[in-house]
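Hello,

Here is the structure I promised to pass on. Please have a look at it alongside the notes below.

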Amino acid sequence: MDRRQFVQTLSALAASSILPTTGFAGAMFSGMLPKSAELLGRPENIFNNDCSCRAPRIGVIAVGSPGGEVLTSLYGRLPHLDRSIAIDNFPLELDRVEANRKILVSNSLSDMYGGKTMPSKFREHYVSYLKDEIAEAVANLDLAFIVVKMGSYAGTIVAPIVAEVLRNKGITSICAAITLFHYQEKFRRQVSLAGMSALKGIANAVVPISSEALAQSARRTGLLSPRMDRAMTAYEVATQGSMVWPTGGLEVRMTNAFRRDDFLKSIPATTFEQIYRGVTSPLFEPGLVTVDLESIEDALSSDGHVALGYGHAVGVNAAEKAALTAISHPLLGMQRLRSASSIFVSIEGPSGKRMKIKDVNGILNTIRAPIGHVDHGQLITFGATYNQNFADEYRVTILADGVSAEGAIRVL
């Protein structure tokens, strides 16, 4: 039996109830998990002799100053991290980042960002040099997360170069692409979308983190500072019913308000941490169903972008409540979930026998319910792992692949 058959067999088995589960590849969910099932095939045919049991090496690559800020704020909080790399074109900003390896990029490449002419021989020579330096920094990694704010020089020019190096070295890449607010320059927002389009064709998965969607959600729930709330209201009044772009003064006002809003500044790091944990926990932590890197690659392999949702709940019916919260997350929602071509679900729950198969079933059925009528046969890959700090709580992370770029970042 090959690896893929084994994965499907485990999924039908709920084999974790009768077999050790740490390190098992799992699991393509195709319905309710039965209470019992028979193994398909003989044990000696399940595993190939060339199977590598080495745990995957994980890296995080922060591109540009905003990415560096995310990496620094999460210093010491990303489990199983083998290596952190920071890349920037500002020496002072790069010096502040907490990272194992730092790469300073020449500002000469910024001519490409501004649309100016540049000697092609020099550009090709420097890009080749930069690729070699990046390749050395990421050597021996198996999975790399890129965190970058789109619309900037680094995000538009350097991030696709990083993704290309990772692809050429056979390293799985997941890019967390922080997008701009609506108040920021229209040109920069167009550049942001262009950069994401470039990444989409290179990285294994691009997860847009919409600053606008998350800010609007925080505004509705009263989590924004009064200063930021007033600034956003002023912007909306100035642009309502008008095709005229607001003056630079309003953008400065919005930018200053953003810099003073601690909650908004924490959003990119909080969101990226959830992406990281959602992907890596089923790779490393014991549980009912764990996954391997190949299963994650299969789940996040379409031409579209990846919409993210995550939720946490405690107490009675915590599993289903966490799933519903994840579905209704500002970056996901029912419409994006239905439009996805494949879905990866990461479930964290109480350790040992306190995590029930029926709770895992409840989460997966809650996710399947709104997409049951879809004809293209969505594939749900999931992992369900233990969290030693959980007693009666569950955390659910959903990565819905195959969503259009516009659909992935549009405000709900």
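This is a predicted model: local features need pLDDT of at least 70, side-chain atom pairs count only at pLDDT 80 or more; totals for chains, interfaces and linings use all residues.

In one of them, Y126 and Y129 sit with their ring centres 6.0 Å apart and their planes at 40°, a tilted arrangement. Both residues belong to helix α5 (residues 120-137), where they are three residues apart, about one turn of the helix. An α-helix has 3.6 residues a turn, so residues three or four places apart point the same way. As for solvent, Y126 counts as buried because its relative accessibility is 11%, under the 20% limit. Y129, in contrast, has a relative accessible area of 47% and is therefore partly exposed.

Another pair is made by F272 and Y276, with 6.4 Å between the ring centres and 50° between the planes, so this pair is tilted as well. These two lie in helix α11 (residues 262-284), four residues apart, which is again about one turn of the helix. Both F272 and Y276 are buried. Together with F145, they form one aromatic cluster.

Lastly, take a look at helix α15, which covers residues 357-368. Its twelve residues reach 16 Å from the first C-alpha to the last, close to the 16 Å expected at 1.5 Å a residue. Buried residues in α15 are D359, V360, N361, G362, I363, L364, T366 and I367.

Best wishes

Notes: Residues are numbered from 1 along each chain as its sequence is written. Side-chain values use heavy atoms; hydrogens and water are left out. The expected span of a helix is 1.5 Å times one less than its number of residues. Buried means under 20% relative accessible area, exposed over 50%, partly exposed in between (1.4 Å probe, protein chains only). Rings of Phe, Tyr and Trp (its six-membered ring) pair if their centres lie within 6.5 Å; planes under 30 degrees apart count as stacked, over 60 as edge-to-face and the rest as tilted.
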